[in-house]
Amino acid sequence: MAVDGIVLQRGKLVAVTRKNPPYEGRPALPGGFVELGERVEAAVVREVREETGLRAAVKYLIGVYSDRRRDPRGHVVSVAFALRRVGGELLAGSDASEIVLLDRKKLPPMAFDHAAIVRDFLRSASRRSSSARRSP
């Protein structure tokens, strides 16, 4: 079980450049494996902090990604969340060679199925903003 998180900074998507295989050198959403007994919400907050230096809070669930081909190491299911930054400073963690801020609508090739997660996030963010505009 894994988690992936989407955090925006100045309208850009916070991503890490992977230091290790698979997908070494490609941008990826901050995330990683859930520890035994850990809630997925706590895992994504921990992973975002470890990989980016940012403190974040979960806003909402984006989706669950379970295609057996999403990770070449084996069948890894990921739970993806949208988060909001609550503090910290950008600093690449041990699994990342650097932090990159990506244009959400012009993504480079990303690791795993992270481009699909970003597309789902953009759709959900668009639905959320349009429903908020309709609410009194």
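Mentor: Axes are lines fitted to C-alpha atoms, for helices over the stretch in contact, and angles run from 0 to 180 degrees between N-to-C directions. The model is predicted.

Trainee: Ok. Which strands does helix α1 lie across?

Mentor: Helix α1, residues 40-52, lies across β1, β5, β6 and β7. Relative to β6, the helix runs at about 125°.

Trainee: In what order do the strands of that open sheet come?

Mentor: The order is β5-β1-β7-β6, an open sheet of 4 strands with mixed pairing. β5 (31-33) and β6 (54-65) are the edge strands, each pairing on one side only. From one strand to the next, the twist averages 25°.

Trainee: And β1 with β7, parallel or antiparallel?

Mentor: Parallel: 5 bridges join β1 (residues 2-6) to β7 (residues 78-88). Within that pair, D4 is opposite A80 of β7.

Trainee: What holds paired strands together in general?

Mentor: Strands of a sheet pair through backbone hydrogen bonds, in either the parallel or the antiparallel sense.

Trainee: How many bridges does β3 make with β8?

Mentor: There are 6, and the two strands run antiparallel, with β8 spanning residues 96-102. L13 is opposite L102 in β8.

Trainee: What is the bridge partner of L8 in β3, then?

Mentor: L13. L8 belongs to β2 (residues 8-9), which pairs with β3 in the antiparallel sense over 2 bridges. β2 and β3 make a hairpin with 2 residues between them, and R10 in the turn has a positive phi of about 50°.

Trainee: In what sense does β4 pair with β3?

Mentor: Antiparallel, over 2 bridges, with β4 at residues 27-28. A28 in β4 is the bridge partner of V16.

Trainee: Last topic, pockets. What volume does the largest one have?

Mentor: About 340 Å³. Its lining has 23 residues, and R18, G31, G32, R73 and F112 lie nearest the centre.

Trainee: Which elements supply at least two residues each of that lining?

Mentor: β1, β3, β5 and α1 do.

Trainee: How many of the lining residues are charged?

Mentor: The lining of the largest pocket has 9 charged residues, along with 9 nonpolar and 5 polar ones.

Methods:
Residues are numbered from 1 along each chain as its sequence is written. This is a predicted model: local features need pLDDT of at least 70, side-chain atom pairs count only at pLDDT 80 or more; totals for chains, interfaces and linings use all residues. Side-chain values use heavy atoms; hydrogens and water are left out. Two strands pair if DSSP finds at least two bridges between them. Contact means heavy atoms within 4.5 Å. On a 1 Å grid over the protein atoms alone, a cavity is a set of points where a 1.4 Å probe fits but cannot get out, and a pocket is an open set with protein on both sides within 12 Å along at least five of seven lines; lining residues have an atom within 4 Å of a point. Grid points are joined across faces, edges and corners, and a volume is the space filled by probe spheres set on the points. Ala, Val, Leu, Ile, Met, Phe, Trp, Tyr, Cys and Pro count as nonpolar, Asp, Glu, Lys and Arg as charged, and the others, Gly among them, as polar.
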